[in-house]
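Here is a short briefing to read alongside the model. Have the sequence and the 3D view open, and let's walk through a few places together.

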Amino acid sequence: MSTCKGFAAAKAGAPLGPYSFERREAREHDVVIDIKYCGICHSDIHQARDQWSEYQEEAIFPMVPGHEIAGIVTRVGPKVTKYKVGDKVGIGCFVDSCRSCAECKAGLEQYCSVQTVWTYNARDKEGQPTYGGYSERIIADENYVLRMPNNLPLEACAPLLCAGITLYSPLRHWKAGPGKRVAIIGLGGLGHMGVKIAHAMGADVTVLSQSLKKQADGKRLGADHFYATSDPETFTKLAGSFDLIINTVSAQIDWSQYLDLLKLDGTMVIVGLPEKDIPVGAFSLTARRRSIAGSQIGGIRETQEMLDFCSKHNIGSDIEVIPIQKVNEAYERVLKSDVRYRFVIDMGSLK
Ligand code: NAP
Ligand code: ZN
Ligand code: ZN
């Protein structure tokens, strides 16, 4: 074991502060990563405040959040073949899985039917708590490590590891592309990546935001249309318009109202994770054979495909880099939708 410095929430809802903990020694297939940057995902806030208690068995404190981890390889185990010292690499939302179920074999480790080992607030196969990227170092099996784009700044690519893949995966699965009308609800960390990626895939992209405050940004990011959901006319004007809607909102919003914006056979994919269940009216589904679906990040293979796609299309995240001492302030700003469009922690500030 070796001591690792980081920032943790001591208990649910406590402000994050300095915390030292133990990381395992590198095993033969492990890669040791010096963390340079870590994005702040809204999920970090949900988890550090234990807001998913209705859906999770336990929340483990002290909790070191962070699953948009970008860094440099400093050491590799003797059996590692994919990475070498000095490589730019990343870790996303999980660091291991069973590796033998049908889902793992299909490259869908995020849906492992036995156990996906989440990057933090989880237990590894030995039952030890996992600690995330708000820390100086992380160790993981090479099969759960991603190769980062070489042509883009590393800090702008950290958020691709959760926000990027969470939007790329459903956009691919539901075939966003030329001739398809796609709407993204919420222009936050996830939403702004959705706009960039859907635009690069060739879809016609609409942003549905609470107000028109972010309209100029939305257009710059690649949106063809931008509407305020606070204006009731938006829902009459856009009724029956979209093939695909991706809902990134973490709050309780009226899903039935948004379902009415789908065309015949359209799908609304839920990726935002509110604290409580939301009722859905049957009529908004039956009226046009519409579907409601969910999607969770992406597997390792697809995450690498997304990173390569972003590299090819020059897509990074729009970020505000902060020292780790500002993390609690950043959380409050995320909650107020006051972020353009992802906070990224410069881990050099830990030293
Ligand atoms: P974020 O940066 O806070 O973005 C969420 C956006 O939703 C806000 O920017 C805002 O956009 C909109 N919004 C916020 N409050 C709202 C309200 N009361 N009513 C309507 N719209 C509201 O968060 P994020 O990091 O993108 O994460 C979004 C959600 O996805 C979180 O619940 C997170 O846990 C979840 N998540 C899920 C996955 C997955 O695999 N499924 C992965 C990562 C994150 P406007 O200002 O444009 O309205
Ligand atoms: Zn996330
Ligand atoms: Zn599995």
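The buried residues of helix 10 pack against strand 6, strand 9 (146-147), helix 4 (163-173) and helix 5 (189-201); contact here means heavy atoms within 4.5 Å. Buried stands for under 20% relative accessible area, exposed for over 50%, and partly exposed for anything in between (1.4 Å probe, protein chains only). Helices (H or I, at least four residues) and strands (E, at least two) are DSSP runs, numbered from the N terminus.

This is a predicted model, in which local features need pLDDT of at least 70 and side-chain atom pairs count only at pLDDT 80 or more, while totals for chains, interfaces and linings use all residues. Residues are numbered from 1 along each chain as its sequence is written, chains are lettered from A and ligands numbered from 1 in the order in which they are written, and side-chain values use heavy atoms, with hydrogens and water left out.

**Helix 10 and its surroundings**

- Helix 10 covers residues 300-312, and its 13 residues reach 18 Å from first C-alpha to last, close to the 18 Å expected (1.5 Å times one less than the number of residues).
- Its buried residues are I300, E302, T303, Q304, M306, L307, F309 and C310.
- After helix 10 comes N314, with a positive phi near 55 degrees.
- On helix 4 you will find S169, which counts as buried because its relative accessibility is 8%.
- Leaving aside neighbours within four places in sequence, S169 is in contact with S295, I297, G298 and E302.

**Helix 5**

- Helix 5 is mostly covered, with 11 of its 13 residues buried.
- Among those buried residues are G189, H192, K196 and M201.
- The buried residues of helix 5 pack against helix 4, strand 10 (181-185), strand 11 (204-209), helix 6 (215-221), helix 10 and strand 17 (342-346).
- The end C-alpha atoms of helix 5 are 19 Å apart, which agrees with the 18 Å that 13 residues should span at 1.5 Å a residue.
- G202 follows helix 5 and has a positive phi, near 100 degrees.

- Donors are N, O and S atoms within 2.8 Å of the metal (3.2 Å for Na, K and Ca); water is not among the atoms, so sites may look incomplete.
- Four cysteine SG atoms, from C98, C101, C104 and C112, coordinate the zinc ion (ligand 3) at 2.3 to 2.4 Å.
- The angles between these 4 donor atoms run from 104 to 117 degrees, which makes the arrangement tetrahedral (all angles between 85 and 135 degrees).
- The donor spacing for ligand 3 reads C-x2-C-x2-C-x7-C.
- Both C101 and C112 are buried.
- The zinc ion (ligand 2) is held at 2.0 to 2.2 Å by C41 (SG), H67 (NE2) and C162 (SG).
- H67, in the loop between helix 1 (42-48) and strand 4 (69-76), and C162, in the loop between helix 3 (154-157) and helix 4, link distant parts of the chain, 95 residues apart.
- H67 and C162 are both buried.

**A pocket to look at**

- The second largest pocket holds about 490 Å³ of space.
- A pocket is an open set of points on a 1 Å grid over the protein atoms alone, where a 1.4 Å probe fits, with protein on both sides within 12 Å along at least five of seven lines; lining residues have an atom within 4 Å of a point.
- Of the 21 residues lining the second largest pocket, R24, D124, P129, T130 and I139 are the closest to its centre.
- Strand 8 (137-141) is among the elements giving two or more residues to this lining, and its 3 residues are the largest share.

Definitions and conventions. Four donors count as tetrahedral if all angles lie between 85 and 135 degrees; four count as square planar and six as octahedral if opposite donors are over 155 degrees apart and all others between 65 and 115; anything else is irregular. Grid points are joined across faces, edges and corners, and a volume is the space filled by probe spheres set on the points.
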